[in-house]
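This briefing goes through a predicted model.

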Amino acid sequence: MGSDLSVETSLSDKELFVGQDITFKCEVNKCGASAQWKKDGRTLSEDKKYSISWGRGTKGDTFSITIKNVQLNDDGYYSVYVRHKDEKVKSTARLTVKERLKIVKPFGDVTAHGGQRIVLKCGVNRDGATAKWLRNNKQMSESINATMTQSGNEFILTIEQAKSKVKMMKELCSLKLVIDPVRILLHGPIGAGKSSFVNSLDTIFKGRITGRALVDAGTEKSFTKTYKAYRFRLTGEPGVLPFVVNDIMGLEQKQSDGAHTDDIIKALQGHMRDNYKFVPGSPLSEEDPDYISEPSLTDKVHCLVSVISADAISRMDNNVIKKMRAIREKASDMGIPQVVVLTMVDKACQLVASDLSKIYSSVRIKEKIEECHTRVGVPMNCIFPVKNYHDENCLDPEVDCLILAALIQILHLADDYLFDLYYSEGPPPKGRANSP
Ligand SMILES: Nc1nc2c(ncn2[C@@H]2O[C@H](COP(=O)(O)OP(=O)(O)OP(=O)(O)O)[C@@H](O)[C@H]2O)c(=O)[nH]1
Ligand SMILES: [Mg+2]
């Protein structure tokens, strides 16, 4: 009498990733046996998914099943039932299918301004994963300005671009601009904080709260009614800084109210003399003594800054948006770079009001920047959220850094524009035709 039917080589448990093929194999001690495969009790047959085969091993018959391109639903218990005459044996094994490690929440490109905190987050599909961060292909390590943390399946890199105020002031003072002065024109809706931005700059440079440009809390009509150029000097330093900021009357809903789009376009082109008094509804004419018929390069504007309140962007009148777009289009035709200074971040977000350093992690401010990008059409990396000095009685380095970061970028853009002009139109004229 021969021995009983038995399993010589059992099926063994397997663990693999989605997309792989897997073969379970079993050998019995007798030849001439037949087999049936089951998964979780369900009979399997040869098809596109399963390849079932029989062979002859060293001890007896071998039975195998190959499962192709395994997916998560192939996870389970596989059994082979072998029959020889009236004998039966069974072998079972577990197949564990795992998803390949993959990034489910990638991070995108970030353009950061000096002094800004950058947070990159990357989520994966698996618990227990670890990560290393590379910068220019070199592994990063923890430092004062780079921290790497993990929260569940998410890896977070925080880079504090802590450009100090001192560094930014140095950068500003070392800028070698193509011409002197570079002219920056502020424009935007009434009460957006244009004059306050001028005052904020002056406050930073003087190191004390100042109020050269008059501001008003009323929002009915533009408080600023004249075209005024402001130059700045650093306390304790000789000379003036090599740029001028022009403050202008605010834009209103009707063309007959506030600054006229034609007025702002004339200012862009350098036709408007300093101290020109705006006449709502009646733009500057060529006959006006304040009309500069042959503007020099220094009379012209080299960067257009739209000043918009983060708090009011959602309520901004469509006509005002249209006016701003028309002005921007003209500036684009002239090749003039454009940025947005997004003021009143403190009014738009309570978190930021209590801690200005939260400005780049505030979801609310991010939404405001996105809204500004969509409504006004300026690229996100040209929108600078700031808080103006408005009711403070002393300086705050956080306020200063945001404003200086915006100003430095404005000057870089203006200088790039002038550099291109320099090469396409020849050397810039000497002199300061319109400097105050
Ligand atoms: N909370 C807060 N208030 C601000 C900020 N910037 C300006 N303000 C206030 O907003 C009001 C209007 O500011 P202005 O600087 O006069 O605005 P403007 O754009 O020059 O306005 P017009 O000259 O009327 O076109 C003033 O009461 C400022 O004190 C800011 O960043 N935060
Ligand atoms: Mg004003």
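**Salt bridges**

- K59 and E8 form a salt bridge in which the closest N and O atoms are 3.7 Å apart. Because K59 sits in the loop between β6 (50–56) and β7 (61–67) while E8 belongs to strand β1 (residues 7–9), the pair ties together parts that are 51 residues apart in sequence.
- The two partners of this pair carry separate accessibility labels: K59 counts as exposed, at 52% relative accessibility, and E8 is partly exposed, with a relative accessible area of 34%.
- A salt bridge also joins the side chains of K105 and E154, with an N to O distance of 2.2 Å. Here K105 is in strand β10 (residues 103–105) and E154 in strand β15 (residues 154–160), so that the pair links distant parts of the chain, 49 residues apart.
- K105 is partly exposed, with a relative accessible area of 40%, whereas E154 counts as buried at 16% relative accessibility, a label that applies because buried means under 20%.
- In a further salt bridge, the side chains of D400 and K165 meet at 2.9 Å, N to O. Since D400 lies in helix α8 (residues 397–425) and K165 in helix α1 (residues 165–174), this pair ties together parts that are 235 residues apart in sequence.
- D400 counts as buried, at 1% relative accessibility, while K165 counts as partly exposed, at 23%.
- D202, K206 and R212 are joined into one network by salt bridges that share partners. The structure as a whole holds 18 salt bridges.

**Domains**

- The domain assignment of the chain gives domain 1 (7–98), domain 2 (103–160) and domain 3 (165–425).
- Taken over C-alpha atoms, the centres of domain 2 and domain 3 are separated by 34 Å.

**Surroundings of ligand 1**

- Ligand 1 is surrounded by 22 residues, and the closest of them are K194, S196, F223, T224 and D346. By residue class, the shell around ligand 1 divides into 7 nonpolar, 9 polar and 6 charged residues.
- On the side-chain part, an N or O atom in the side chain of D346 is 2.7 Å from a nitrogen atom of ligand 1.
- Of the 650 Å² of accessible area that ligand 1 has on its own, the protein covers 92%.
- The elements that give two or more residues to the shell around ligand 1 are α2 (194–206) and α5 (345–348), and the largest share of that shell, 3 residues, comes from α2.

**Other contacts and approaches**

- S309 lies in strand β19 (residues 303–309) and is buried, with a relative accessible area of 7%. A polar atom of the S309 side chain lies 3.0 Å from the backbone nitrogen of A312.
- K14, placed in strand β2 (residues 14–17), counts as partly exposed at 27% relative accessibility. The C-alpha atoms of K14 and A93 are separated by 7.7 Å, although these residues are 79 residues apart along the chain.

**Backbone geometry**

- As background to the points that follow, most residues other than glycine have a negative phi, and most peptide bonds are trans.
- D180 and P181 are joined by a cis peptide bond, with omega about 0 degrees, and P181 is found in the loop between α1 and β16 (182–187).
- N136, a residue other than glycine, has a positive phi near 50 degrees. N136 has its place in the loop between β12 (134–135) and β13 (138–139) and is exposed, with a relative accessible area of 69%.
- N275 likewise has a positive phi, of about 75 degrees, although it is not a glycine. N275 is found in the loop between α3 (261–269) and β19, and at 43% relative accessibility N275 counts as partly exposed.

Notes
Residues numbered from 1 in each chain as written. Chains lettered and ligands numbered in written order. Predicted model: local features only at pLDDT ≥ 70, side-chain atom pairs only at ≥ 80, totals over all residues. Heavy atoms only, no water. Domains from an automatic or database assignment. Near = heavy atom within 4 Å. Polar contact = N/O pair within 3.5 Å; in protein donor to acceptor, adjacent residues only side chain to side chain. Areas by Shrake-Rupley, 256 points an atom, 1.4 Å probe, with all protein chains shown as cover. Helix = DSSP H or I, 4+ residues; strand = E, 2+ residues; numbered from the N terminus. Nonpolar A, V, L, I, M, F, W, Y, C, P; charged D, E, K, R; others polar. Salt bridge = Lys/Arg side-chain N within 4 Å of Asp/Glu carboxyl O. Buried < 20%, exposed > 50% of the residue type's maximum accessible area, 1.4 Å probe, protein only.
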